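Have it open while you read.

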Amino acid sequence: MSAGKGLYSMVADHGFITTSVFELFKVGPGPSSSHTIAPMLAGLDFRRLMDALPEEKKRADACLEVQLYGSLSAAFTGHGTDKAILTGLLGYTPENCPPNLPSGVLGLPEQDLRLPFGSQGPLSPKIFVHGPVEHQYPYSNTLIFVLRDAGGQALRRVYYSVGGGFLQWEGWTPPERGKQPHPFSTARELQAHVIKSGLSIPQIILQNEKALTGQNTAAIHEKLDSIIEAMRRSVARGVSTEGALPGTLNVYRKAARLARKADALDDPINRFLGLLNAYAFAVSEENAAGGVIVTAPTCGAAGVLPSMCTMLEGYFGMGQEALRAGMLTAAAIGFLAKHNASIAGAEVGCQGEVGVASAMAAAMLAQVRGYDSVIVENAAEIALEHHLGLTCDPVGGYVQIPCIERNAMGALKAYNACLVAMMEDVPRHRVNLDMALKAMAETGRDMLSKYRETSRGGLAVCMAEC
Ligand code: SF4
């Protein structure tokens, strides 16, 4: 294995957006992109660094320690961070690890849990050291991997899990990318490209993706189709699985019952809304169970976009081409949020996760239903605006309460945001997406750490106390 440049990485916080659609939409195991996917990638990257050491540095007395800071330290076991890191250290990626491996990694035979050298024996939770929630590192979710031997520190890397499964590290530089024909960093700039080029938002994102990654249209469509198919599969698994979710909260899956009940309704409005709810529950419950989902933009918010996708396909009869356009439009909104604010609950609370997912779904719906780019942006803005200030307070550190229901609320809000955007007098729309994103970033900056994925405030505390 070679060292890990080219793993999922985040754009720099300046200049134009250079994130690929497939860095935003990733297939992998839940329940939290910041706490499982990025830490798994950190484990994988460090394993590659270990493998790349010169033979004389692969000493038998070497011992690995992984320090965790921020919400990674606070919401550690509930979010499955321990098992994700161990799975990465064994050489698995989020895409290639067997669906049940992260949750079952500690049950592997001892010989399969060994690193290629060192003195610590089979990998176990003993390698983890919990640092403080508040610290001096630039990102809340920080991990430090240290390999020590009698000679001192043989290897050390400081990683940052910056939201949505994106991983950076100390000294990280953005990957080299091709020059985009329509570079943008704000919604205003994106709209200017729409006017100048006569292209739609998804056409612009497609052209940029081709230039950034060097892939042709057919390859990008193929990848989009596999992402859409992964979403379909997560909905299908979720609506056909019942029983209790992992953990101590005694939360039972509801999606299958909600889907059955909604399907039996005669009233078309309640049936539509009931199914939209059920599909969002389905994926969120899969995520909570550590199942394979698509980050959209994160694991915690993974239920919103697939539920809208499923309704577009099953209820509105949209075909694959329309779904691809919807996904590219949703990606544009996710890029803007990530670039100008954050999509990490640990940085800005749930407004950056379910709020952004709702904005992405609203934009997708408006685009697929044929509205112009201003209405698409307005739909996204309305959906985001009415999630501003939303905290992240997962009870017990599990991505279950309030996360699962919150995805359903995000999906319904996306539908309503699109309705308002398409019916209002467009010139009288007063808030644009750039303003809402700025408000989200500033609100997130002011949010106490107890409301940013540490399970130390809000419902996480009140549910336990009452
Ligand atoms: S409350 Fe929202 S941001 Fe926090 S873990 Fe749940 S879904 Fe993610």
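1. The largest pocket holds about 490 Å³ of space. Pockets come from a 1 Å grid over the protein atoms alone: an open set of points with protein on both sides within 12 Å along at least five of seven lines, lined by residues with an atom within 4 Å of a point. Its lining has 24 residues, with P138, Y139, E347, V348 and R445 nearest the centre. Two or more of them come from each of α12 (320-340), α13 (345-348) and α17 (433-446), helices being DSSP runs (H or I) of at least four residues.

2. Since this is a predicted model, local features need pLDDT of at least 70 and side-chain atom pairs count only at pLDDT 80 or more, while totals for chains, interfaces and linings use all residues. Residues are numbered from 1 along each chain as its sequence is written, and side-chain values use heavy atoms, leaving out hydrogens and water.

3. Where does the largest pocket lie? Domain 1 (21-169) and domain 2 (187-465) both contribute to its lining, so it lies between them; the bounds come from an automatic or database domain assignment.

4. The second largest pocket has about 340 Å³. Of its 20 lining residues, P31, G78, G80, S103 and P246 lie nearest the centre. Both domain 1 (21-169) and domain 2 (187-465) line this pocket too, so it lies between them.

How values were computed
1 Å grid on protein atoms, 1.4 Å probe; cavity = no way out; pocket = protein on both sides within 12 Å on 5 of 7 lines; lining within 4 Å. Points joined across faces, edges and corners; volume = space filled by probe spheres on them.
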